[in-house]
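Student: Before we look at anything in particular, could you show me how to read a few features of a fold with care?

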Amino acid sequence: MIISEKYGHGRGAVDIAKSAIAGGADIIQMREKNKPRDEFVSLGNMLAGLCKEAGVTFIVNDDPILAKQVDADGVHLGQEDLALFKVEEARAILGKDKIIGISTSSIKDVEEANSKKDIDYIGFGPVFPTVVKEKCVGTKEIEKVLKISEKPVFFIGGISLNNIGGLLTKGACNVAVIRAILESDDIEEETKIWKSCLSSARSTRNSSTK
């Protein structure tokens with residue numbers, strides 16, 4: 001789950017993270033913008049400690065230096081971030097045991113990601129239009145992405161409980177969501193619903209492949 005106070009209806013990032021963790025979130029990604037550096041560090045330290053205590057993976061968006069500073073489990077780099085930090089540079093900053101994920105939005109991006117030995121997963125999207133990005137990749141490439149990617153794939157962008165079924169039937173089992181949970185009245189309960197939905201899909205898929 002990606003957390004951002006921008007969509008939290010006045011709820012702070014720490015409170016959001018606590019509710020998401022209580023609801024069963026496996027991964028928390030801090031995606032805050034336009035804060036002074038000292039606030040980023042303070043918030044990162046609080047979230048890192050909270051996630052570590054709960055046994056939840058904590059990822060920092062955009063900045064491997066910040067991820068290193070707050071001892072996060074890893075960093076996620078968008079395509080623009082890769083212009084500032086090459087994957088190899090991020091690995092050198094973080095060390096060999098940390099997680100590095102990158103964003104992709106085309107089959108070409110996925111193929112290029114396969115050549116990067118230092119990444120651990122890819123994000124693919126935006127699958128559906130969002131308030132930030134109207135242009136989306138759609139669902140037609142999902143099966144091909146899953147087939148050719150050599151890393152786990154997390155689908156992102158405009159995913160909701162109303163449209164996730166189409167992704168699951170195509171084989172997706174990992175998604176990253178923001179507004180679908182953050183804008184709900186009860187983040188903990190909404191996280192539980194998503195957790196149950198994805199767990200059921202994974203269980204069904206595992207049973208069918210035995």
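Tutor: Strand 6 and strand 7 (residues 153–156) run parallel and pair over three bridges, where strands are DSSP E runs of at least two residues, helices H or I runs of at least four, both numbered from the N terminus, and pairing requires at least two DSSP bridges. This is a predicted model, in which local features need pLDDT of at least 70 and side-chain atom pairs pLDDT 80 or more, while totals for chains, interfaces and linings use all residues. Residues are numbered from 1 along each chain as its sequence is written, and side-chain values use heavy atoms, without hydrogens or water.

Student: Which residue in strand 7 is the bridge partner of Ile122?

Tutor: The partner is Val153, and Ile102 stands opposite Ile122 as well.

Student: Which residues of strand 6 are buried on its two faces?

Tutor: In a regular strand, side chains alternate between the two faces of the sheet. Here Tyr121 and Gly123 on one side, and Ile122 and Phe124 on the other, are all buried, meaning under 20% relative accessible area with a 1.4 Å probe, protein chains only.

Student: Is Asp63 buried or exposed?

Tutor: Asp63 counts as buried because its relative accessibility is 17%.

Methods:
Buried < 20%, exposed > 50% of the residue type's maximum accessible area, 1.4 Å probe, protein only.
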